[in-house]
Amino acid sequence: MQGEGEEDMRLEKELQISDMVVGNHKRATFLVCLLTLGTVPIEFHIASSRLAYPLNGRAQSVIVKRYEVGKARDYCVENLLKIPKDKRPDYMFFFGDDMIPEWDGLIKLYTEMSTGKWDGLTGLYFLKQDSPVGLTWRNDQIGYMYPGKHYKVGDVIEVDVTGMDFTLISTEFLEKMQKEIQQPYFQTGPGQLPYPEYDKETIVTYTEDVYFLHKVRACGGRIGVHTGVKVGHYDANSGMIF
C-alpha cells in the first residue's frame, strides 16, 4: 500500500533491460614520477600527503634518485611506455620534490585535461630568484607572460616553455611522440638546440623541459599552464617559498 505523500518508485512494465544506457566511465589512472636528489624536505612531505586525487583515481609511483634531471625524466617516459597498453596509466604526473601545491592542484589539472584541449598541463610556479617570475613563456614576441597584462589569474594559457615539476601529460600523446620523434624525449644541454632561431652549428645551454616542449610542438601538441593552480617553489637553502 502506498502511503500519503509517497512516490511509486516501481519501474514501468514496458521498460526492458535492453533500454538501459551504458556509459564509458573509467577510473583515472596516473604514473606519479618523483625526481629527487635523495633528501625530501618536510614541507614537501606535508604537501604531498594532503594532495588529493580525482575521485576513484588510482596511482602508481616511481621514484628516481640522484639522476641527472633530463635522464631521469626520459627514464620515466620510457618505463611508462613499456607497461602493457591495457594496463598503462592514462597520465604521467611529474611531481618535483621542491613543489608545495594546494591540496586540489592535481584535481584541477585533471579536470581541465579531461576537456581534451591539452596534451600537457602544469600548475603555475615561479623561478627561485629575488624578483620571482612565473614560468609562462611564449616565443611569439611576448616572452614571459604576466597576470593582468597577458592573462587573468585562473585562466588556462597556452605556452611554449614552462617548468615540468607539477605537470600532467597525456599518455596517449606520449604514445604519439614515440612513433613520430627521435628519442630522447628529454635532454639537458649544452648541445644543439632544435629551434629554428639557432643554426645547426650553434652550441647552447638549455634545460630538459625546453628540449621536451620543442618535441611536443613538433608533434602538434599543446602545453598549457593552469594559472588557477598555484604551486609554491621551495628553496631548501633559504627556506623560502617562491
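In which sense do E5 and E9 pair, and over how many bridges? Strands E5 and E9 run antiparallel to each other and are joined over three bridges, where strands and helices are DSSP runs numbered from the N terminus, a helix (H or I) having at least four residues and a strand (E) at least two, and where two strands pair if DSSP finds at least two bridges between them. This is a predicted model, in which local features need pLDDT of at least 70 and side-chain atom pairs count only at pLDDT 80 or more, while totals for chains, interfaces and linings use all residues. Residues are numbered from 1 along each chain as its sequence is written, and side-chain values use heavy atoms, with hydrogens and water left out.

**Strand E9 and its partners**

- Strand E9 (166-170) is mostly covered, since five of its five residues are buried, buried meaning under 20% relative accessible area, exposed over 50% and partly exposed in between, with a 1.4 Å probe and protein chains only.
- In a regular strand the side chains alternate between the two faces of the sheet.
- Both faces of E9 are covered, with Phe166, Leu168 and Ser170 buried on one side and Thr167 and Ile169 buried on the other.

**The β-α-β unit**

- Strand E1 (residues 29-36) and strand E2 (residues 58-65) pair in the parallel sense over eight bridges, and the bridge partner of Val32 in E2 is Ser61.
- Together with helix H1 (residues 42-49), E1 and E2 make a right-handed β-α-β unit, the crossover being right-handed if, with the strands pointing away from the viewer, the path from the first strand over the helix to the second runs clockwise.

**Helix H5**

- Helix H5 (residues 208-218) is largely enclosed by the rest of the structure, because nine of its 11 residues are buried.
- The buried residues of H5 are Glu208, Asp209, Val210, Tyr211, Phe212, Leu213, His214, Lys215 and Val216, and these pack against helix H2 (69-82), strand E9, helix H4 (171-180) and strand E10 (223-233), contact meaning heavy atoms within 4.5 Å.
- After H5 comes Gly220, whose phi is positive, near 80 degrees.

**Salt bridges**

- The structure holds eight salt bridges, each defined as a side-chain nitrogen of Lys or Arg within 4 Å of a carboxyl oxygen of Asp or Glu.
- Glu175 and Arg88 form one of these, with the closest N and O atoms 2.7 Å apart; Glu175 lies in helix H4 and Arg88 in the loop between H2 and strand E3 (91-95), so the pair ties together parts that are 87 residues apart in sequence, and both residues are buried.
- Asp98 forms a salt bridge with Lys128, the closest N and O atoms being 3.1 Å apart, and this pair links the loop between E3 and strand E4 (99-101) to the loop between strand E5 (120-124) and strand E6 (137-138), 30 residues apart.
- Asp98 counts as buried at 14% relative accessibility, whereas Lys128 is partly exposed, with a relative accessible area of 35%.
- Glu158 forms a salt bridge with Arg222, the closest N and O atoms being 3.1 Å apart; Glu158 lies in strand E8 (residues 156-158) and Arg222 in the loop between H5 and E10, so the pair ties together parts that are 64 residues apart in sequence.
- Glu158 is partly exposed at a relative accessible area of 33%, and Arg222 counts as partly exposed at 31%.
- Arg73, Asp165 and Glu208 are linked in a network of salt bridges.

**His226**

- His226 is found in strand E10 and is buried, with a relative accessible area of 11%.
- A polar atom of the His226 side chain lies 3.1 Å from the backbone nitrogen of Gly228.
- Leaving aside neighbours within four places in sequence, His226 is in contact with residues including Lys108, Leu121, Gly154 and Val156.

**Cysteines**

- The structure holds zero disulfides, a disulfide being a pair of cysteine sulfur atoms within 2.5 Å.
- The sulfur of Cys76 is 3.6 Å from the closest cysteine sulfur, in Cys33, which is too far for a bond.
- Cys76 is buried, with a relative accessible area of 1%, and Cys219 is buried, with a relative accessible area of 4%.

Conventions: Polar contact = N/O pair within 3.5 Å; in protein donor to acceptor, adjacent residues only side chain to side chain.
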